[in-house]
Structures are given as structure tokens and as C-alpha cells.
Amino acid sequence: MKQKGSVLVGLVSDTHSLTWPHMLAALKGVELIIHAGDVGRLSVLERLELIAPVIAVRDTGFSDDSEMDLPESRTLDIGGVRIHVIHRLQELAIDPVTAGIRVVVHGHTHRASVREADGVLYVNPGNAYAGDMSVGLLRIDNGLVDVDIVTL
């Protein structure tokens, strides 16, 4: 992944074993996909991999994710920006500010949200399996970040 320059990252969470065509279409053109847990089945990651490389974490609660070898959280450096990925925000075991994290991507609530606190952007892309579905598009441009929630 590029360390500087412009990068478009797709954000997905709570697919619960489903990959709808409109979700896949919304992610076309991204260079990387981050899945923030509750994947469901490995086939979801395989379908997403047809679009772009995928980095995923698992849900730490009751979920089929436990059958996949996914970590509970990950910290990534993308385009000069540190990103931490975890499914349940309430289980965040690090202080993002102290750790130099600029973006925390999480899921679990099934509700999309974007908020900033102490210079850290917290993004929940919502859910991509039922009801009010959405995904996120994270743009990183020379260390600056911007996010859009795309309603499906």
C-alpha cells in the first residue's frame, strides 16, 4: 500500500455472510477494503478480494468469524495515516491519541457514524446486510483524511 499520495479505502462492517451486488458496486475503484468484523463466512472476504485486497478483523462475541483466522484488532499505516480497526469500539484497549492513531474504524452497532474527538476520526460504516445498509469510503490524500458514508 502506498505510504504517501492519494488512497481510496472501502470500509465495511457487519456483512453477516452476505454480499449484495449494490454493496460490491459501491466499493468499485477502491484500492483496499477494511472489514470491521462480523464477516460471517469466508466467501464474503473472497468476493471482496475480487475488488481489492481486504484487511479484516473478527467480532469477539458470538459470530461465525471465529472460524476464520482473523485478529480481534489491527493497526495499519496507509498513505501516511495510522488506522486502528476493531469490531466493538467499547473493547478498544489502546488510547488512540497516545498511539498516534488518526482513524479508528469499528462496527457492531449496525448504524453508520462519523465523529472526531481529540484529533481521532471514529468511523462506523454501518452494516451491509439488512435494513439501512451503508459502507464507507475513506480518502487519504498526503496524510489528510476524509470519509463519506454511502447509503445502499
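**Figure 1. Surroundings of Thr15 in the predicted model.** The side chain of Thr15 places a polar atom 2.9 Å from the backbone oxygen of Val39. The model shown here and in the other views is predicted. Thr15 belongs to the loop that runs between S1 and helix H1 (21-26). With a relative accessible area of 0%, Thr15 is buried. Leaving aside residues up to four places away in sequence, Thr15 touches Met23, His35, Asp38, Val39, Val44, Ala128 and Tyr129.

**Figure 2. The open sheet of five strands.** The strands follow the order S3-S2-S1-S9-S10, and their pairing is mixed. The edge positions are taken by S3 and S10; each has a single partner strand, so one side of each lacks a neighbour in the sheet. From one strand to the next, the twist averages 20 degrees. Strands S2 and S3 are parallel and are paired over three bridges. In this pairing, Ile34 is found opposite Ile55 of S3.

**Figure 3. Strand S9 and its two antiparallel partners.** S1 and S9 run antiparallel and are joined by six bridges. Val7 faces Ile140 of S9 across this pairing. The pairing of S9 with S10 is also antiparallel, and it extends over eight bridges. Here Ile140 has Val145 of S10 opposite. A hairpin is formed by S9 and S10, with two residues between the strands. In its turn, Asn142 adopts a positive phi of about 50 degrees. Strand S9 is largely enclosed by the rest of the structure, because six of its eight residues are buried.

Figure 4. The largest nonpolar core comprises 21 residues, and Val9, Ile34, Ile78, Ile83 and Ile140 have the most contacts inside it. Two or more residues of this core come from each of strand S1 (6-12), strand S2 (32-35), S4, S5, S6, strand S8 (120-124), strand S9 (134-141) and strand S10 (144-151). Another core, of 20 residues, lies apart from it and includes Leu24, Val30, Met68 and Val135. In soluble globular proteins, nonpolar side chains tend to be buried together.

**Figure 5. The salt bridge between Asp59 and Arg88.** Five salt bridges are found in a search of the whole structure. One of them joins the side chains of Asp59 and Arg88, with an N to O distance of 2.8 Å. Distant parts of the chain are linked by this pair, the two residues being 29 residues apart. Asp59 is situated in the loop between strand S3 (54-56) and strand S4 (73-78), while Arg88 occupies the loop between strand S5 (81-86) and strand S6 (103-105). Both Asp59 and Arg88 are buried.

Figure 6. Asp77 and Arg82 form a salt bridge in which the closest N and O atoms are 3.4 Å apart. Asp77 is partly exposed, its relative accessible area being 42%. Arg82 likewise counts as partly exposed, at 32% relative accessibility. A further salt bridge brings together the side chains of Glu116 and Arg102, at 3.3 Å from N to O. Glu116 is part of strand S7 (residues 113-117) and Arg102 is in the loop between S5 and S6, so this pair ties together parts that are 14 residues apart in sequence.

Technical notes:
Residues are numbered from 1 along each chain as its sequence is written. This is a predicted model: local features need pLDDT of at least 70, side-chain atom pairs count only at pLDDT 80 or more; totals for chains, interfaces and linings use all residues. Side-chain values use heavy atoms; hydrogens and water are left out. A salt bridge is a side-chain nitrogen of Lys or Arg within 4 Å of a carboxyl oxygen of Asp or Glu. Helices (H or I, at least four residues) and strands (E, at least two) are DSSP runs, numbered from the N terminus. Buried means under 20% relative accessible area, exposed over 50%, partly exposed in between (1.4 Å probe, protein chains only). A nonpolar core is a set of buried Ala, Val, Leu, Ile, Met, Phe, Trp, Tyr and Cys residues joined through side-chain atoms within 4.5 Å. Two strands pair if DSSP finds at least two bridges between them. A polar contact is a pair of N or O atoms within 3.5 Å; within protein, one must be able to donate a hydrogen and the other to accept it, and residues adjacent in sequence count only if both atoms are side-chain atoms. Contact means heavy atoms within 4.5 Å. Axes are lines fitted to C-alpha atoms, for helices over the stretch in contact, and angles run from 0 to 180 degrees between N-to-C directions.
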